[in-house]
Amino acid sequence: MGASTPRHHSSSPFPRSLLTKRIITFALYALVPLAFLHYLLSLPAPPTISSSPSPPQQGPKAAAFADAGATATAAAAAAAARKRAAPRCDYSDGAWERSAATAPLYNGTSCAGTIKAGQNCEAHGRPDTGYLRWRWRPRGCALPPFDPAEFLRLVRGRHVAFVGDSLARNQCESLVCLLSSAFPARLVRGAGGGDGDGDGDELRKFRRWAFPSHAATVSVFWSPFLVNGTEKAKGGAPGPAHNRLFLDQPDERWAAELPGVDVVVLSAGHWFLHPAMFYDRGAVVGCHHCPEPNRTETGFFGAFRLAVRGALREVVLRAARAGRRRRPKLAVVTTFSPAHFEGDWDSPTACARTEPYAPGERAMEYMDGEMLRAEAEEAAAADADARARGAGVTVEAMQVTRMAGLRADGHPGAYMHPFPFAGGARDKVPNDCVHWCLPGPIDTWNEILLQLVKRWADADAEPSSS
């Protein structure tokens, strides 16, 4: 007989198919906790808000200002959660790198009619040009050079307005010079009333340029507090020697123009360092370097935050009231730009550096950090509010404080006046260590502005998901 084929018999009392089902079931039960553990480990880390040192001890009325940012934190987190998943460049994190191949698009001669004389460092004889050869390199993303054609294409038929103090004007004039390097600009309006920073240049307070090739408009509005305020008397003129800020009142000099503005860039801060009284609904709510007797010092951080909040609120509310008549708007807060005085303000070396600070060489000062934090949080809160109201406004904080803090080499310094050392060395000389040479580092602010406008315009062009 041939060999028989062996047959396999299970010794288990269960049928083979039932045993297989039991094994699969047990395996699935074992995988459930492992899958749950993997889910927990893959969750993103909760958002954190960096803490900053406690401010100096202030009087009892400071509590109202100290708590001004409490409502901003939750709204800021909500706004961040609503952002699209597309990667966003953090332009605030990076380093200045020397770039000998990069040349400015304009100079002190080609744009002399736009640049404020005190910031035309080339025309005033500044001998070094190294400050023009540095580019900001964000970590993890690229910042392209400014493209005038692209910017004007994005704002074709639109109105871009800069609102704030003389640094807002500094950035506005930078943008006009960058754009007019490729396309003709026409100054269509200049109104007086004083420049507001003591230089007596009346016509620079409110100005407007037209770019006929693209039916685009660029304007600047003087508003050093962003809200309604009365400036201190200057140069021995009659009047109080302190500022008065009405934190609950808009500055109608620019707010009334909002229906015709598509992109508004807010920039302020340095005027809040002066002595001031702060009012809300007609009552005194605080003061800085209190000019009136029997007042408790509150400092200016809270007033600054409330001013930024009030300005952004006007942008959002007036857009929401426009209803169907509104066009989408972009509101940008250019964050605080630090000064760089070293030693006495009238020392020839007050800001005579010729290169940026190296990474880690200069830490951000407490005041600069607090101003930055207030602006970033208020911008995020306003963006959340605009979305909740369906106002059609995108609010961004353009965080330039860190990059500006490293550029002590980019100020006019003694060259705020023509050829200050033509007669030889001097022991004392006035310095501008606040504003920026044109061309100069502030042109980078407008490179970033171009990217923010591009992101806003691209989002506006996308079809609605509803």
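**Close-up views of cysteines, a sheet and a loop**

With a relative accessibility of 0%, Cys 172 counts as buried. Here, buried means under 20% relative accessible area, exposed means over 50%, and partly exposed covers what is in between (1.4 Å probe, protein chains only).

A note on reading the views: this is a predicted model, in which local features need pLDDT of at least 70 and side-chain atom pairs count only at pLDDT 80 or more, while totals for chains, interfaces and linings use all residues. Residues are numbered from 1 along each chain as its sequence is written, and side-chain values use heavy atoms, with hydrogens and water left out.

**View A. Cys 111 and Cys 177 are joined by a disulfide.** A disulfide is a pair of cysteine sulfur atoms within 2.5 Å, and that rule gives a count of 5. In this one, the sulfur atoms sit 2.1 Å apart. The link of Cys 111 and Cys 177 is left-handed, with -95 degrees about the S-S bond. It connects distant parts of the chain, 66 residues apart: Cys 111 is in the loop between strand 1 (94-98) and strand 2 (134-138), and Cys 177 is in helix 5 (residues 166-180). Helices (H or I, at least four residues) and strands (E, at least two) are DSSP runs, numbered from the N terminus. Cys 111 and Cys 177 are both buried.

**View B. Cys 121 is bonded to Cys 437.** The S to S distance is 2.0 Å. This disulfide is left-handed because the torsion about its S-S bond is about -85 degrees. Cys 121 lies in the loop between strand 1 and strand 2, and Cys 437 in the loop between helix 9 (401-405) and helix 10 (443-461), so the pair ties together parts that are 316 residues apart in sequence. Both cysteines, Cys 121 and Cys 437, are buried.

**View C. Cys 287 and Cys 290 make a right-handed link.** Their sulfur atoms are 1.9 Å apart, with 75 degrees about the S-S bond. Cys 287 is buried because its relative accessible area is 1%, whereas Cys 290, at 22%, is partly exposed. As for Cys 172, it takes part in no disulfide, and the nearest cysteine sulfur, that of Cys 177, is 9.5 Å away.

**View D. Four strands make an open sheet in the order 7-8-10-11.** The pairing is mixed; two strands pair if DSSP finds at least two bridges between them. Strand 7 (227-230) and strand 11 (283-288) are the edge strands, each pairing on one side only. On average, neighbouring strands of this sheet are turned by 25 degrees against each other, direction ignored. Strand 8 (residues 243-250) and strand 10 (residues 276-280) run parallel and are joined by 4 bridges. Look for Phe 246, whose bridge partner in strand 10 is Tyr 279.

**View E. Helix 7 (residues 301-322) lies across strand 7, strand 8 and strand 10.** The helix runs at about 35 degrees to strand 8. Axes are lines fitted to C-alpha atoms, for helices over the stretch in contact, and angles run from 0 to 180 degrees between N-to-C directions. Contact means heavy atoms within 4.5 Å.

**View F. Ala 391 sits in the loop between helix 8 (366-389) and strand 13 (393-398).** Ala 391 is buried because its relative accessible area is 0%. Setting aside neighbours within four places in sequence, Ala 391 is in contact with Val 316, Ala 319, Ala 320, Arg 326 and Ala 386. Leu 317 is 74 residues from Ala 391 in sequence, yet 7.4 Å away in space, C-alpha to C-alpha.
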